[in-house]
Amino acid sequence: MPPVPDLRGFADAHLPGRGGPRSVVELGSGLDNTAHLVDGEFVLRRRHDGEQTDEARLLAEVAARSPLPVPVPLAVDGPWMAYRLLPGRPLLEVLPLDAARTRDLARRLVDFVALVRTWDLAAPEDEPDLPALLAQAADDHAALGLRDPAVERFLRTPPPPPPDELVLAHNDLGAEHVLVDVDTTITGVVDWTDAARCDPASDLGLLHRDLGPAVLPLVPEPLRERALFHARCSVLETRRYGVEHDRPLYARRAREAHRWLF
């Protein structure tokens, strides 16, 4: 088995004619990937566990269909993938927005989720285990040391029925993965690592978590109960992640979302 290339080795091999990277800046690290900006132009992303081949294939197919910009892979080698930097800042960093901009973003992103679910693309299945999600939410609540009667009522309530079908989705469409410019035009949807055929309500729940009450009226009525369920489970998970991994922005946004979710 060939050795796994390091960042500079990958850049030298797959970004030819550049004489090697002149500058390398870490953009961020999450549960699945660490991303670096090379020469202010290319994102080189290393997956912590596994290869990037399947995601790169899916990204190329998504890019051919998507009305919103997505990363277009330039090169893949084992855990490494390279693509050109998309402009903009993560929506997570610019929230909260005024009511009009929030409604506009909510509509555009809900429409995008609806469009993605129509694409017949090969992707892994991620069938939701709603009782397990509720149990994890209870664990997150306990770990945070919260004493909130509204959360405790939610944790005692049985989860909604599972979806009748699985559909294609980004499957992690939180505000950290939506890029916007100064006018909050969407300039990119990034990190498709978790893309799968999954619960059609899951991404809608994340949008409700991050953009607030403007989202739920846009969600088709049959999906609303599960979208709210996913939003409530994920806000507890995100708050715990922010606290335990020293990500104060995540923790603060989760505390803000708590007001409309509970």
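A disulfide is a pair of cysteine sulfur atoms within 2.5 Å. These close-ups show a predicted model, in which local features need pLDDT of at least 70, side-chain atom pairs count only at pLDDT 80 or more, and totals for chains, interfaces and linings use all residues. Residues are numbered from 1 along each chain as its sequence is written, and side-chain values use heavy atoms, with hydrogens and water left out.

**View 1. Cys 198 and Cys 233, two buried cysteines.** The structure holds 0 disulfides. The sulfur of Cys 198 lies 15 Å from its closest cysteine sulfur, that of Cys 233, which is too far for a bond. Cys 198 has a relative accessible area of 1% and Cys 233 one of 8%; buried means under 20% (1.4 Å probe, protein chains only).

**View 2. Asp 148, in the loop between helix H5 (130-144) and helix H6 (149-156).** Helices here are DSSP runs (H or I, at least four residues), as are strands (E, at least two), numbered from the N terminus. Asp 148 is buried but has no salt bridge, meaning a side-chain nitrogen of Lys or Arg within 4 Å of a carboxyl oxygen of Asp or Glu. Arg 153, the nearest side chain of opposite charge, is 6.3 Å away. Look instead for the backbone nitrogen of Ala 150, which the side chain of Asp 148 reaches at 2.9 Å. Beyond its neighbours within four places in sequence, Asp 148 touches His 141 and His 258 (contact: heavy atoms within 4.5 Å).

**View 3. The buried face of helix H1 (residues 7-14).** Leu 7, Phe 10 and Ala 11 are the buried residues of H1. Down the helix axis they fall within an arc of 100°, so they line one face; the arc is that of the directions from the axis to the C-beta atoms. They pack against strands E1 (24-29), E2 (33-38), E3 (42-47), E4 (73-77) and E5 (80-84).

How values were computed:
Buried means under 20% relative accessible area, exposed over 50%, partly exposed in between (1.4 Å probe, protein chains only). Lys and Arg count as positive and Asp and Glu as negative; His and the chain ends are not counted. A polar contact is a pair of N or O atoms within 3.5 Å; within protein, one must be able to donate a hydrogen and the other to accept it, and residues adjacent in sequence count only if both atoms are side-chain atoms.
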